[in-house]
Structures are given as structure tokens and as C-alpha cells.
Amino acid sequence: MIAQSLLSRTLVSLRARELWLRVLAILFIFTLFVGGVQLRRFIGQNTRHVRYQHDIVNAFYWGQETLKEARRLSPARGSDSWAAFFRGYLALYDRVKDDADENDYGLDYPPLRLLTMAIWSKQVRDGFPWVDNEHPKLVNPLL
């Protein structure tokens, strides 16, 4: 009888128990969130070559095509200027359309994405002309 009465009594009030359960739930959710962010960063850094390789190569290719178009349209006026760059950017869609076979354009970028990739390619080529498109520090701005 005495043991039963001792076991039926709660040592901690119901309100304190609810408070501790909420605190533990919040800590658990916070730990999951921080752990998930860290796991995402770890996976992103260690599998970048698998997930982004095709996209980076394609982006660099179309950025370089924009720069080639700029050099083709402005050979004498300094093809590295921003004016020549935008001339090549605007003319690239027309060239791709003219060169396409049966509506197979190959250029799968909308205008703003192409502009982003072309500016990125221009910055890479201006600052690091010897580096290829797979250099990880140069890819980080896109990610």
C-alpha cells in the first residue's frame, strides 16, 4: 500500500513536465535543422562534380558563345567592351535560330539566364583566361 501511494505521486508537477517536453522538442527540432543544413553543405561540396557538371559545362559553353558572337560582330572596336558584349548577347538568339535544323535550337536558356551565364563567363575569362569551366572557386557564384 505504501509503495503504491509513493508511485502514484508525481515528483514533478504537470506544468513543469509540459515545459520540459516543449523545451526538449524545440531543442530536437533545432538540432535536426542545424544537422540538416550541415549535411546539405557536406553533400553539396562532396558531390558537386556529379550533380552540377553538365549544367556548368553547358552554362560556360553558352557564355563563351555569347563572347564569340561579340568578337565576331565587333572585331575592330575591342570585343572585350561591355557594348560589344551586349551586342553579341542580343545577336546570339538570331544566330542560333538561323543555324537551327528543324527547330532544334540547342540553346535552352531564357534571356536572363543566358545573360547571367554570359556575364559569369566574361568575368571568368577576364580574370582567369587560363582556367577551364570546372574550377570550383569560379563556379561558386552560380551555386
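**Helices and their packing**

The protein has seven helices and zero strands. Read from the N terminus, the order of elements is therefore α-α-α-α-α-α-α. This is a predicted model, and its mean pLDDT is 80, with 80% of the residues reaching 70 or more. Confidence is lowest in helix α1 (residues 2-8), where the mean is 58, and highest in helix α2 (residues 14-46), where the mean is 91. Where pLDDT is low, the predicted coordinates should not be read in detail.

Of the 143 residues in the protein, 25% are buried. Among contacts between residues at least 6 apart in sequence, 56% join residues at least 24 apart.

Helix α4 covers residues 53-73, and helix α5 covers residues 82-99. The axes of α4 and α5 are 7 Å apart, and the two helices pack at an angle of about 105°. That angle makes α4 roughly perpendicular to α5, because angles from 65 to 115 degrees count as such. On the α4 side the contact is made by W62, E65, T66, L67, E69, A70 and L73, and on the α5 side by A84, F85, R87, G88, Y89, A91, L92, R95 and V96. Sorted by class, the contact of α4 with α5 has 10 nonpolar, two polar and four charged residues.

Helix α6 spans residues 111-127. With α4 it packs at an angle of about 80°, the axes being 8 Å apart. The helices α4 and α6 are therefore roughly perpendicular to each other. From α4 the contact takes in I56, A59, F60, W62, G63, Q64, T66 and L67, and from α6 it takes in L114, M117, A118, W120, S121, K122, V124 and R125. The classes here are 10 nonpolar, four polar and two charged residues.

The remaining pair to describe is α5 with α6. Their axes come within 11 Å and cross at roughly 140°. That makes α5 oblique to α6, because an angle has to be over 145 degrees to count as roughly antiparallel. The crossing of α5 and α6 is right-handed. Residues W82, F85, F86, Y89, L92 and Y93 of α5 meet P111, L112, L114, L115, A118, I119, K122 and Q123 of α6. By class, this contact of α5 with α6 has 12 nonpolar, one polar and one charged residues.

**Individual residues**

Leaving out residues up to four places away in sequence, K122 touches L67, D80, W82 and F85. K122 is one of the α6 residues that meet α5, and K122 is also among those in the contact of α6 with α4. L67 is likewise listed in the contact of α4 with α6, and L67 is in the contact of α4 with α5 as well.

I119 is another residue of helix α6. I119 counts as partly exposed, because its relative accessibility is 30%. Its contacts, apart from neighbours within four places in sequence, are W82 and F85. Both W82 and F85 are among the residues of α5 that meet α6. The C-alpha atoms of I119 and G63 are 7.2 Å apart in space, while the two residues are 56 apart in sequence. G63 is one of the α4 residues in the contact with α6.

R113 also has its place in helix α6. R113 is partly exposed, with a relative accessible area of 39%. A C-alpha separation of 9.0 Å lies between R113 and A59, which are 54 residues apart along the chain. A59 belongs to the α4 residues in the contact with α6.

Aside from neighbours within four places in sequence, N58 is in contact with D108 and Y109.

Technical notes:
Residues numbered from 1 in each chain as written. Predicted model: local features only at pLDDT ≥ 70, side-chain atom pairs only at ≥ 80, totals over all residues. Heavy atoms only, no water. Helix = DSSP H or I, 4+ residues; strand = E, 2+ residues; numbered from the N terminus. Buried < 20%, exposed > 50% of the residue type's maximum accessible area, 1.4 Å probe, protein only. pLDDT = per-residue confidence, 0-100. Axes fitted to C-alpha atoms, helices over the stretch in contact; angles between N-to-C directions. Parallel < 35°, antiparallel > 145°, perpendicular 65-115°, else oblique. Left-handed = near helix turned anticlockwise from the far one by under 90°. Contact = heavy atoms within 4.5 Å. Nonpolar A, V, L, I, M, F, W, Y, C, P; charged D, E, K, R; others polar.
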